[in-house]
Amino acid sequence: MLHFSTALHCEAQGIIAHYDMKPSGGHGRAQFFEGEKARLAITGVGALNSAIATTALGSKYPNDETIWLNVGICGHLDAPIGNPFIANRISSNTSRDTLYPQFPWKSNIKGIELQTLSEPSTDYKTNQAFDMEGFGFYKAALAFASTEFIHCIKVVSDNAAQPASSHFDKHAIARMIELQIPVIETLCESIDELRPKKPSSNWSSSFIQKAKARFRFTETETHQLNKRVTQLDAILQQDEKTKTDLLLIESSNKKTFLSQLQSTLNQFSTRNIC
Amino acid sequence: MFERIYIEAAIREHPRTLALLERYPKAERVNCERYGEIFNPNRQNFRIQKQNPALILAEKRGTRVLPTPPDYGLGADRHYYFSHMLNCLYDCRYCFLQGMYQSANYILFVNFEDFRSDIRTTAESQPDEQHFFFSGYDCDSLAMDSVTGFADAFLPLFEDLPNAWLELRTKSVNVKPLLNRPPLPNVVVAFSLNPEPIAKSVEHRAPPLPARINALKKLSEAGWKVGLRFDPLIHFENCIEVYRDFIDHVFDSIPIEAVHSITLGSFRSPKSVFKKMESLYPEEPLFMGNLDLKNGMVAYKKSIESDLFESTRKRILTHADEDKFFPCQ
């Protein structure tokens with residue numbers, strides 16, 4: 001699942017259309033949209049608004065396999081208008097912290113240092129992009145994902161030759177972002193490829209359900225059950241899983257049952273090490 | 001080799017930094033104040049970063065040469081370790097580094113001159129004592145030598161320090177920097193070795209066992225002292241027999257005169273490190289069974305550990321004298 005955050009509607013509209021998202025409520029002034037593969041928050045301008053809406057989106061849709069992307073416009077000294085960047089260092093004029101998104105893949109977007117400002121500025125600096133949300137978004141998204149899965153993609157909307165004016169050309173901005181959607185999709189594929197593949201078997205969830213129906217487990221025991229069954233799922237052959245199912249019937253109490261699961265792990269893990 | 005290089009402010013103009021940046025002109029450069037800003041934050045995934053780590057060039061401040069824990073000696077008067085790098089090119093599933101650090105990025109401390117100065121000061125502070133310096137605790141000493149130039153930078157120091165010993169601990173077969181120079185009597189090139197099935201299934205990206213034995217042979221033929229590090233012993237089906245044959249094979253391949261020391265240790269890990277490794281690799285059988293928690297350490301159940309350890313110890317002692325043998329238990 002992708003979670004997008006944009007400050008403005010014009011930054012969001014191409015993404016909403018591409019992922020076929022529909023309005024799905026909001027939080028304060030933030031508006032949420034949802035589709036089959038992606039969700040999006042229009043947060044309003046500013047790091048605080050971005051952080052609040054990002055937190056609300058993450059809390060409303062908890063999912064530990066989400067990629068978080070802040071997409072929007074930025075200012076840059078001399079990069080051409082429409083050029084995309086991905087932030088590799090994010091700082092803020094209101095915080096001493098600096099954040100370093102991690103990219104353990106070959107990025108298809110050029111990296112840049114992003115500084116999030118509390119006010120618009122035309123004081124462009126070499127090798128640095130300006131925005132007004134990235135830092136707030138990133139800090140908030142870290143509550144829901146690790147740094148490899150959170151990124152800020154910024155498209156240059158103004159530079160020293162064409163500085164930001166008080167009036168946005170919303171159509172131009174919408175078009176700029178829309179043009180970057182294929183780049184964003186490639187990026188998301190690269191990120192997704194990094195994620196360790198989980199075993200596809202349904203055996204573990206079904207077995208855990210059956211075990212919970214048979215015995216009443218404490219929190220600690222539930223943790224042990226989930227861990228041991230997941231581990232068994234990774235190392236047992238199908239016929240061995242069928243035999244393990246019998247432990248549920250044969251065990252007279254939950255302690256014996258959990259202990260039998262560990263004995264099975266002791267036996268089969270040794271075989272599977274090499 | 002590196003998509004991204006982070007550069008700490010203090011060493012931006014250091015000659016080793018400049019040389020590395022020149023060597024990797026295509027790598028994206030990111031400036032930072034201190035390496036901890038990148039390396040230490042919690043919300044990072046070691047397993048995912050390990051697929052393509054970045055390089056962080058930093059300055060090692062504070063204490064650079066540290067005493068080893070009490071049971072990790074090789075018979076010298078004093079034992080120390082130092083880490084010019086954090087993290088390793090290889091991806092051994094039992095390695096504590098994956099449970100110890102938040103990030104899999106490589107840190108290279110470029111201020112070698114400060115390490116050298118501290119080693120010299122340490123050795124010269126007690127000139128009548130033998131000092132042993134281990135270099136492969138937080139990294140593999142030689143695996144990234146073509147990037148770091150570690151061997152060429154540190155070996156000359158030991159030429160000049162007769163009461164100091166250096167251990168290069170490695171699985172790397174990149175031993176050219178050593179073969180290209182005369183052997184040093186106070187340097188031990190110590191190879192971490194496990195039977196081939198373990199090397200294949202657990203020591204990811206590390207050179208295969210035959211290549212490591214071949215490197216050991218070449219070094220011993222060239223007159224270098226070598227070390228054999230059978231650590232960690234891993235418990236698996238028929239492991240006692242497999243380890244027995246493996247020990248025989250290693251000693252049949254290398255002249256015993258070249259062997260400086262042999263260490264032996266079972267798989268063990270501090271609880272917190274183990275928990276992290278287990279959560280990173282929930283499907284890894286190594287972490288699933290036959291383990292107990294004792295005094296804050298996760299290790300094999302006593303009977304399993306002592307059977308494997310004792311049988312391997314005895315086999316080693318059929319090939320080598322006890323004075324070369326240093327068990328870690």
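# A guided tour of chains A and B

Begin by selecting helix α2 (residues 47-60) and helix α3 (residues 134-141) of chain A: the two pack at an angle of about 30°, and their axes are 7 Å apart. Axes here are lines fitted to C-alpha atoms, for helices over the stretch in contact, and angles run from 0 to 180 degrees between N-to-C directions. Helices (H or I, at least four residues) and strands (E, at least two) are DSSP runs, numbered from the N terminus. The angle makes α2(A) roughly parallel to α3(A); angles under 35 degrees count as roughly parallel, over 145 as roughly antiparallel, 65 to 115 as roughly perpendicular and the rest as oblique.

This is a predicted model, in which local features need pLDDT of at least 70 and side-chain atom pairs count only at pLDDT 80 or more, while totals for chains, interfaces and linings use all residues. Residues are numbered from 1 along each chain as its sequence is written, and chains are lettered from A and ligands numbered from 1 in the order in which they are written.

Which residues of α2(A) meet α3(A)? Among them are A:Ala47, A:Leu48 and A:Ser50, and the α3(A) side includes A:Phe135 and A:Gly136. Two residues are in contact if their C-beta atoms, placed from the backbone, lie within 7 Å. Ala, Val, Leu, Ile, Met, Phe, Trp, Tyr, Cys and Pro count as nonpolar, Asp, Glu, Lys and Arg as charged, and the others, Gly among them, as polar.

Next, select helix α6 (residues 203-214) and helix α8 (residues 238-250) of chain A, whose axes come within 10 Å and cross at roughly 10°. The two helices are therefore roughly parallel to each other. In α6(A), A:Trp203, A:Phe207, A:Lys210, A:Ala211 and A:Arg214 meet A:Lys241, A:Asp245 and A:Leu248 of α8(A). The residues of this contact divide into four nonpolar, no polar and four charged.

Now colour chain A by domain: the assignment gives domain 1 (2-194) and domain 2 (203-272), with bounds from an automatic or database domain assignment. Their centres, taken over C-alpha atoms, are separated by 44 Å.

Turn to the boundary between the chains, where 32 residues of chain B are in contact with 29 residues of chain A. On the chain B side, the elements giving two or more residues are β2 (28-32), α2 (36-39), α3 (46-49) and α9 (196-201). α9(B) gives the most, with four residues.

Within chain B, select the five strands of the open sheet in the order β2-β1-β3-β8-β6, where the pairing is mixed. Two strands pair if DSSP finds at least two bridges between them. β2 and β6 (85-86) of chain B stand at the edges, each with a single partner strand, so one side of each is left without a neighbour in the sheet. Strands β3 (residues 55-58) and β8 (residues 106-109) of chain B run parallel and are joined by four bridges; B:Leu57 has B:Leu108 as its bridge partner.

Finally, select the open sheet of three strands in chain B, in the order β15-β17-β16, with antiparallel pairing. Its edge strands are β15 (268-270) and β16 (291-294) of chain B. Three bridges join β15(B) to β17 (residues 297-300) of chain B, and B:Ser269 has B:Val298 as its bridge partner. Helix α12 (residues 271-280) of chain B lies across β15, β16 and β17, running at about 100° to β15(B).
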